[in-house]
Amino acid sequence: MKSFVVQEHTKIVRRDGESTPPYLEQRLYNRLKRFDQRGRAEKDRVFSWSDRSARTTQWVGVIQVPGLQVEILPKIDEADFNGKDGKEAQARRNLLYMLSVAGQVPVRERDVARLTSRKASLSETLAAIFADRLRRELLRGPERAYIHREENLRKFKGKLLIAQQVRHNAAHHERFFCRFDEFSEDTLMNRIFRAACRVLLNATHTPLTQDRLRHCLLLLDGVEDMFVHDELFDQITITRQNERFADVLHFCRLILQGRSPTVQAGRERSFSLLFDMNRVFEDFIAAFLKKQVMPRFNGYRLYSQAKSQQRHLMRDGDRGVLLLKPDILIKTPNGDQQFVLDTKWKQFSGKVGRNDLYQIYAYTKRYECQRSVLLYPHVLEAECLDYDIMDTDGATGEQVGVRFVNLRRDLHKRLERDALACDLTDIVEEGLPLEDGGL
C-alpha cells in the first residue's frame with residue numbers, strides 16, 4: 001500500500017508526464033476521487049477537485065482506499081512542514097494532543113505521549129487508542145440493560161400478545177407469543193462497539209492492535225452484529241451506569257458514520273477517519289483555557305459555545321432572529337463584564353477578513369463587551385492588531401483585538417504547555433481586568 005502524507009490546503013497533482021510532486025499515479029488518484037465524490041455533497045468533500053489536481057481542505061486525518069493511504073496533517077505555516085520525518089512526527093503528535101484535550105479521541109492526555117512515542121501513522125495510532133480504551137472498559141464489564149423482546153416461546157414469559165398469539169399459534173397451543181424484558185449485554189451501544197472493531201480490523205496492520213480488537217470482539221461475543229447508521233447514535237441515552245463509555249461511543253461515531261468519515265463496503269473496501277481543524281482548534285483552545293488558565297482567575301466563568309448564554313441578534317415579534325454562539329465567552333465573578341474569544345483556524349495574511357470582523361463586531365455589541373478578540377494560530381511575521389469600534393461621535397471605547405497562539409512547539413513538553421498557558425492568560429487579562437481575589 002502506498003503511503004502519502006500531505007498537509008491541509010495542499011495541492012495534489014494527478015501524475016501526467018512531467019508532473020512535479022506531490023502527485024499520485026492516475027489509478028490511485030481516480031480511486032481517491034471516486035471515494036470522495038461518492039455519496040457526498042460538494043460542501044462535505046475532503047478535497048476540492050479540478051480536472052487534473054485536487055487540494056486538501058480543512059479536514060485532517062486518514063483516508064484509505066485500495067492501494068493507498070493518505071494522511072492529512074495540520075498546517076500552521078509554510079515553514080512548518082518539509083516532508084522530513086521529524087516535522088511529520090511533531091505535527092502528528094501535536095494533532096493527537098489537541099484531539100485528546102478537545103475530547104475528540106478517547107485517551108487521557110498523559111497517555112498520548114506513550115502512544116505517539118513509536119513511529120506509526122496516524123491511522124495506526126488512532127486504532128490503538130480506540131482498542132486500548134475499549135478493551136480496558138470491557139474488562140471492567142460491558143454495558144448491560146433490560147432489552148424489550150417479543151418472541152414465540154414454548155414457555156410463558158412476561159406478557160402474552162393476543163393478536164400475535166392468534167396469528168402465529170392458532171394451531172400451536174403449546175407456544176406463547178410473549179413480550180418480556182431481558183437483562184442482557186446485547187445492547188445497541190455494544191452492537192456499535194462490535195461494528196467499530198470490525199471496521200478497524202480491516203484498517204489496521206499492527207499485530208498488537210489487531211489482537212486487542214479481536215479481544216474486544218471476544219468480550220462482546222454475546223452481542224449481535226448489525227449495520228450501524230448515524231441515526232442509531234441518537235437513540236442511546238447516557239446514564240450514570242454507562243457514562244464511562246461516552247467518549248468511546250463518540251469516537252465510534254467518527255469511525256462508523258457522521259458528516260466527515262465514510263466507511264464503504266463492497267468490492268473496494270475504503271475507510272476514513274477525519275477531523276475538521278476549525279472545530280478541533282476551537283474545542284482545544286476552550287478546553288485548554290478551562291483546565292490550564294481559568295484556575296488562575298478565581299470566580300471567573302468560561303462558557304464554550306456560550307452554552308446557556310446564547311443570545312439572538314434581532315427579534316421578529318416573539319421570535320428570535322440570528323442566534324449568536326461565540327466560541328468562548330468569559331464572565332467576571334459578579335457578571336458585570338464579559339469577554340468574547342472567537343477562534344479562527346486560518347493562516348493570517350496580515351489582514352482580517354470582512355466576515356470575521358462583522359461577526360466579532362456583532363458579538364462585541366450584543367454581549368456588551370469592552371473588548372473581544374479574534375484568535376489565530378501564530379504564523380511568521382504576524383503582528384497583533386487592535387481596532388477601535390466607532391459610532392457617530394467617534395471611538396466608543398470598545399475594541400476588537402487580533403491575537404495569536406504559537407502552536408509551532410512540542411505540546412507534549414510541560415514547559416511548552418506552560419508557555420502556551422501564559423500566552424492565553426495574557427490574552428484573557430487584556431479582555432477582562434482582574435477583580436479583587438483574581439490572579
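Modeller: Happy to! A salt bridge here is a side-chain nitrogen of Lys or Arg within 4 Å of a carboxyl oxygen of Asp or Glu. Please keep in mind that this is a predicted model, in which local features need pLDDT of at least 70 and side-chain atom pairs count only at pLDDT 80 or more, while totals for chains, interfaces and linings use all residues. Residues are numbered from 1 along each chain as its sequence is written, and side-chain values use heavy atoms, with hydrogens and water left out.

By that rule there are 32 salt bridges. Let's begin with R244 and E137, whose side chains meet with N and O 3.0 Å apart. Helices and strands are DSSP runs numbered from the N terminus (H or I, at least four residues, for helices; E, at least two, for strands). E137 has a relative accessible area of 5% and is buried. Buried means under 20% relative accessible area, exposed means over 50%, and partly exposed lies in between (1.4 Å probe, protein chains only).

Next comes D225, which forms a salt bridge with R198, the closest N and O atoms being 3.1 Å apart. This pair also links distant parts of the chain: D225 is in the loop between α7 and α8, while R198 is in helix α6 (residues 188–203), 27 residues apart. D225 counts as partly exposed, at 40% relative accessibility, and R198 is partly exposed too, at 36%.

Then look at K344 and D342, another salt bridge, with the closest N and O atoms 3.1 Å apart. Here both K344 and D342 are buried. Some salt bridges share partners, and they join R133, E137, R140, R244 and D247 into one network.

Now for the strands. Strand β16 (residues 338–343) pairs with β17 in the parallel sense over four bridges; two strands pair if DSSP finds at least two bridges between them. L341 has V373 in β17 as its bridge partner. Strand β17 (residues 371–377) is mostly covered, with seven of its seven residues buried. That cover extends to both faces: R371, V373, L375 and P377 are buried on one side, and S372, L374 and Y376 on the other.

Elsewhere, four strands form an open sheet with mixed pairing, in the order β1-β7-β6-β11. Its edge strands, β1 (2–7) and β11 (271–276), each pair on one side only. β1 is joined to strand β7 (residues 68–73) by six bridges in the parallel sense, and K2 stands opposite L68 in β7. Helix α1 (residues 26–37) packs on the sheet and touches β1, β6 (59–65), β7 and β11, its direction making about 115° with that of β6. Contact means heavy atoms within 4.5 Å; axes are lines fitted to C-alpha atoms (for helices, over the stretch in contact), with angles running from 0 to 180 degrees between N-to-C directions. Helix α9 (residues 277–293) lies across β6 and β11, at about 50° to β11.
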